[in-house]
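Open the model in your viewer and keep the selection tool at hand. The stops below concern charged side chains.

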Amino acid sequence: MYKSLVIAVLILFGTITIFAKGVKPPPAVLAAFQLKFPSAKEVKWEKENGTEYEAEFIMDKGEYSANFKDDGTWLETEMEVDYTTLPDAVRTAFEKQVNKKAKEASKIVKAGDITVYEVEYKKGMKTKELVYNPDGTMAKMGSK
């Protein structure tokens with residue numbers, strides 16, 4: 001009974017502070033988000049795919065996004081960071097690999113306490129991204 005009441009209160013607070021872009025996450029996602037990020041402001045929700053939701057929000061004067069499975073399981077949190085604050089190994093690897101200026105940089109913390117760093121840059125009309133492990137090795141590649 002107490003657990004149900006706590007979840008109901010969290011959902012109520014979550015729906016008051018969350019402004020959805022036409023997407024309303026399931027109650028389990030809202031409750032999990034509120035527990036993990038109680039000071040989040042200006043929250044906007046999107047559906048990433050059939051079973052995953054992403055919240056974009058402001059917290060501690062920074063821009064964040066967090067992904068959750070539809071059952072409320074937290075998957076990852078991404079926060080924008082200044083390129084100069086990336087680990088030296090990541091900056092060195094990016095600069096050797098790409099002869100371009102970084103457009104944006106992010107620190108991504110995934111479930112299992114895994115941290116990677118994403119660096120975006122422009123190539124022609126496209127935004128490309130490279131993802132590095134903290135030691136500067138490539139984690140994955142992609143484009144937007």
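**Salt bridges and a charged patch**

Searching the whole structure, which is a predicted model, turns up 2 salt bridges.

Select K110 and E76 to begin. The two form a salt bridge, and their closest N and O atoms are 3.4 Å apart. K110 belongs to strand 5 (residues 104-110) and E76 to strand 4, so this pair ties together parts that lie 34 residues apart in sequence. Now colour the two residues by accessibility. K110 has a relative accessibility of 30% and counts as partly exposed. E76 is buried, because its relative accessible area of 18% falls under the 20% limit for that class.

Next, select R91 and D88. Their side chains meet in a salt bridge with an N to O distance of 2.7 Å. Both residues sit in helix 3 (residues 88-97), 3 residues apart, so about one helical turn separates them. Is D88 buried or exposed? D88 is exposed, at 54% relative accessible area, because the class begins over 50%.

For the last stop, show the surface and select E48, E56, E63 and E80. Together these residues form a negative surface patch. E80 is found in strand 4, which covers residues 74-81. Strand 4 also holds E76, the buried partner of K110 from the opening stop. E80, in contrast, is partly exposed, with a relative accessible area of 37%; this value lies between the 20% and 50% limits.

Conventions:
Residues numbered from 1 in each chain as written. Predicted model: local features only at pLDDT ≥ 70, side-chain atom pairs only at ≥ 80, totals over all residues. Heavy atoms only, no water. Patch = residues over 30% accessible without salt bridge, like charges linked within 9 Å, V, L, I, M, F, W, Y side chains within 5 Å. Areas by Shrake-Rupley, 256 points an atom, 1.4 Å probe, with all protein chains shown as cover. Salt bridge = Lys/Arg side-chain N within 4 Å of Asp/Glu carboxyl O. Lys, Arg positive; Asp, Glu negative; His and termini not counted. Charge placed at Lys NZ, Arg CZ, Asp CG, Glu CD. Helix = DSSP H or I, 4+ residues; strand = E, 2+ residues; numbered from the N terminus. Buried < 20%, exposed > 50% of the residue type's maximum accessible area, 1.4 Å probe, protein only.
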